[in-house]
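Here is a walk through one protein chain, taken step by step. Have a look at the structure first, and then we'll go through it together.

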Amino acid sequence: MRIKLEHGAGGEIMEELIRDVILRNLTLTSAGGIGLDALDDGASIPFGDRHLVFTIDGHTVRPLFFPGGDIGRLAISGTVNDLSVMGAKPLALANAMIIGEGFEGENFERILKSMDETAREVPVSIITGDTKVVEDKIGIFVITAGIGIAERPVSDAGALVGDAVLVSGTLGDHGIAIMSHREGIAFETELKSDVAPIWDVVNAVAGAIGWENIHAMKDPTRGGLSNALNEMANKANVGILVKESEIPIKPEVKAASDMLGISPYDVANEGKVVMIVPKEYAEDALKAMRRTKHGKDAAIIGEVMEKYRGKVILETGIGGKRFLEPPLGDPVPRVC
Ligand code: MG
């Protein structure tokens, strides 16, 4: 076997690589809590009466500077968001940078300043790191690990029949903004990535309805909403029904995705959370999200059902229904 680009694209092909190669070769994969084999957004380690949550992400996005953000903002947000959707308050980050020889110092500093600014928004400190320079002209890769603390970790597998499904805002912004930028598609309103840390959104909901009432959470990054919902349906062995008319999508994202022939449901978001809560708490969760800076466009988009276990059904605008399949890989490469 040789590694192909699809093996890192966040869809079914990547999942095969993780299950059939990575998990077959690594044999100690749990520290007593949620371990590697759970394939969740992060791992947990029981610690006294609470849980440490630990996660790491490598960032390879191209271009390094894109509308709405850059690799620095992405690296902080990506790791903070994986901690947040595990139900963990971000405590500290580690930052490793692999830089290609010849990389422009000015750009390097611009990336660091952006990381600092984003970390201050959370706030979370960057307390350790590593810097390597290689002779290959790779530009820069930024790898961030994060540690957080949770009263009660929230997995992505806890959806129950009858629950409501919420999203914290518009879908497809990051992937479609990057692809439009690369393709040079111009619109009257500039498409911007949604890249942002969303601890405020998650924490506001927990404050309103309690951690115990957040049954499942996930950040819909590579593979987008389609991938996140399918993983949640599959892991909990439930069906998920979402209504197309309720899924918030910016008109310019819709227009660009039509032009590119890419579904906004299949591409990465970098400042959103998909949350599953009991139906009776859905309105309170929605209100809490909408009061936050990054949750203004939050919506209840569907429900968890007994039928179609392991599947996601999309109810289309004209009243039809179809399966919302997980993409084989995110249609936009090098997106995070
Ligand atoms: Mg994640």
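Into which domains is the chain divided? There's domain 1, covering 31–150, and domain 2, covering 164–323; these bounds come from an automatic or database domain assignment. Before going on, keep in mind that this is a predicted model, where local features need pLDDT of at least 70 and side-chain atom pairs count only at pLDDT 80 or more, while totals for chains, interfaces and linings use all residues. Residues are numbered from 1 along each chain as its sequence is written, and side-chain values use heavy atoms, with hydrogens and water left out.

Now for how the two domains meet. Their C-alpha centres are 22 Å apart. On the domain 1 side, 27 residues are in contact with 25 residues of domain 2, contact meaning heavy atoms within 4.5 Å. Together the domains bury about 2,000 Å², with 60% of that on carbon and sulfur atoms. (Buried area is the accessible area, taken with a 1.4 Å probe, that two parts lose on being put together, summed over both.) In domain 1, P67, N81 and V85 give up the most area to domain 2, together 28% of what that side buries.

What about polar links? Between domain 1 and domain 2 there are 9 residue pairs in polar contact, both residues at pLDDT 80 or more. That term means a pair of N or O atoms within 3.5 Å; within protein, one must be able to donate a hydrogen and the other to accept it, and residues adjacent in sequence count only if both atoms are side-chain atoms. As for the elements on the domain 1 side, β3 (65–66), α2 (71–84), β5 (89–100) and α3 (105–121) each give two or more residues to it. The largest share, 7 residues, comes from α2. Helices (H or I, at least four residues) and strands (E, at least two) are DSSP runs, numbered from the N terminus.

The two domains also share 1 salt bridge, a side-chain nitrogen of Lys or Arg within 4 Å of a carboxyl oxygen of Asp or Glu. D41 forms a salt bridge with K218, and their closest N and O atoms are 3.4 Å apart. The structure holds 15 salt bridges. D41 lies in the loop between α1 and β1 and K218 in strand β9, so this pair ties together parts that are 177 residues apart in sequence.
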